[in-house]
Amino acid sequence: MSVVVKPSAPDPDRGRNVIEDDSAHIFRPWVIQGGFQPLAIAGGEGSWVWDYQGNRFLDFSSQLVVANLGHGHPKVVAAIKAQAEQLCLIAPMFTTEARTEAARLIAELAPDGLNRVLFTTSGSEAIENAIRMARLHTGKHKILSAYHSFHGSTNTAIQITGDPRRWSTDTASAGVARFFGPYLYRSPFHADTPQQECDRALAHLEQVIVQEGAKTVAAVVLETVPGTSGGVLVPPDGYLAGVRDLCDRYGIMLIFDEIMVGFGRTGRWFAFDHWGVRPDLVTFAKGVNSGYVPLAGVIVGDHIVDTFRQRPYPGGGTYSGHPLACASAVAAITAMKEEGVVEHAAWLGENVFGPRLAEIAERHPSVGEVRGLGAMWAIELVRNRQTRRMWVDYEKPDRLAPHAMQLFGACLAQGLLPNLYLNRLHVTPPCTISADDAEDGLARIDRALAMADQQYEHE
């Protein structure tokens, strides 16, 4: 049975006012202005949210894969309230208990040799700073990043992004080169097995390093598991270790972008823990406090810290280590440990999402492949299984392709908030979701996929 969450009393008039004000005053990111009308959300609890009409929706998106602890976790809410009563703001040149405790807890989860944390307010800022550190540490400028990736929307972050959303602002700026990572279902290397894909992807990356000039490359930036923009592409065993080896061989820093997958999402504290590979820098955000207050940052290797012992690091911001955000991170990490959230996410992946999604794939011709880890999965939709033609192609890199919006609407009609991008429907609920609610959500997806099947192109 699903957990019953009671919404507040319906208030349709207030909901209409919210929509009207939104239409009049909000400049909305990533969509056509005036071409999108959002669903007005009145409240949420656990894995559920509700609108002003009183309709309940099971949140299978975690709100851009942020809410690892779900909505309104009482321990995190209480910590924010307590910190607000004590100290709401302190500048970065001072210190406070919430900031230092958050940094300590994060560093304790990181591999040996990564002991310092630079706090930022967004994942994009974290990427900007990690790249700046790598460039200054190595004295080199060039950055290598993968296609099928998303690293943020600020200037450097969008330039290294592989996702089609960079196209409109891509200046092909000097200092960025891209490579293909492993993606066996659509292998750019014509591989037939995970081992072939791994070996050929590593050989390709080495050629890119050589051809770009290893002496010019400061860092390789990788989403450890590419997120929902990249397609939840779980790397084959040996790939991340191979990238680490290449970086060591050529004197290049390795930056793991854990902004979406960190803090339990894949069933480990960090996704790279699945493979035991140590990066030089780690960017994080989202799951560190489930987004209750904006918080992100960079975990910095000791060898990079040493570079700045005799000279200042040229970066920072007014809200770096904001007390309310850091207090929420302390509470979130503590709650995740006490409540076994990371272990629960791993269990869900092995016992619910993996098996049930395999069954769904068998029932729906529009499903080409399912893949994932923990509480992060992708259902790759196709128009034809033999040709593997994408259900939504790269020429429409938005959420407004007509049939994509039809699928979005089909999910809403089932009482499900979906996570839909390009040709993929993602399964990314809170890591705290109950097994019953997880099964319920998958059943709702199963029914909604009938709409995708209608777009299937039979031979």
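**Cavity, helix pair, pocket**

Modeller: This is a predicted model. A search of the whole structure turns up one cavity of 30 Å³ or more.

Colleague: How much space lies in the largest cavity?

Modeller: The largest cavity holds about 150 Å³ of space. It is lined by 16 residues, and G181, P182, L222, E223 and P226 are the closest to its centre.

Colleague: Which elements each supply at least two residues of that lining?

Modeller: They are β7, residues 217–223, and α8, residues 239–250. The largest share comes from β7, with three residues.

Colleague: How does the lining of the largest cavity divide by class?

Modeller: Ten of its residues are nonpolar, five are polar and one is charged.

Colleague: Now the helices. By what are two packed helices described?

Modeller: Two packed helices are described by the angle between their axes and by the distance between those axes. Here, take α3 (residues 74–86) and α10 (residues 323–339): their axes come within 8 Å and cross at roughly 150°. Angles over 145 degrees count as roughly antiparallel, so α3 is roughly antiparallel to α10.

Colleague: Is the crossing of α3 and α10 left-handed or right-handed?

Modeller: The α3 and α10 crossing is right-handed.

Colleague: Which residues of α3 and α10 meet?

Modeller: On the α3 side they are K75, V76, A79, I80, Q83 and A84. On the α10 side they are P323, L324, A327, S328, A331, A332, A335, E338 and E339. By class, the contact of α3 with α10 has ten nonpolar, two polar and three charged residues.

Colleague: Let us turn to the second largest pocket. How much space lies in it?

Modeller: The second largest pocket has about 520 Å³ of space.

Colleague: How many residues line the second largest pocket, and which lie nearest its centre?

Modeller: There are 19 lining residues, and R116, V117, L118, F119 and M133 lie nearest the centre of the pocket.

Colleague: Which helix and which strand each supply at least two residues of that lining?

Modeller: The helix is α4, residues 97–109, and the strand is β4, residues 114–120. Five residues come from β4, the largest share of the lining of this pocket.

Colleague: And what classes of residue make up the lining of the second largest pocket?

Modeller: Eleven of the lining residues are nonpolar, five are polar and three are charged.

Notes. Residues are numbered from 1 along each chain as its sequence is written. This is a predicted model: local features need pLDDT of at least 70, side-chain atom pairs count only at pLDDT 80 or more; totals for chains, interfaces and linings use all residues. Side-chain values use heavy atoms; hydrogens and water are left out. On a 1 Å grid over the protein atoms alone, a cavity is a set of points where a 1.4 Å probe fits but cannot get out, and a pocket is an open set with protein on both sides within 12 Å along at least five of seven lines; lining residues have an atom within 4 Å of a point. Grid points are joined across faces, edges and corners, and a volume is the space filled by probe spheres set on the points. Helices (H or I, at least four residues) and strands (E, at least two) are DSSP runs, numbered from the N terminus. Ala, Val, Leu, Ile, Met, Phe, Trp, Tyr, Cys and Pro count as nonpolar, Asp, Glu, Lys and Arg as charged, and the others, Gly among them, as polar. Axes are lines fitted to C-alpha atoms, for helices over the stretch in contact, and angles run from 0 to 180 degrees between N-to-C directions. Angles under 35 degrees count as roughly parallel, over 145 as roughly antiparallel, 65 to 115 as roughly perpendicular and the rest as oblique. A crossing is left-handed if the near helix is turned anticlockwise from the far one by less than a right angle, and right-handed if clockwise. Contact means heavy atoms within 4.5 Å.
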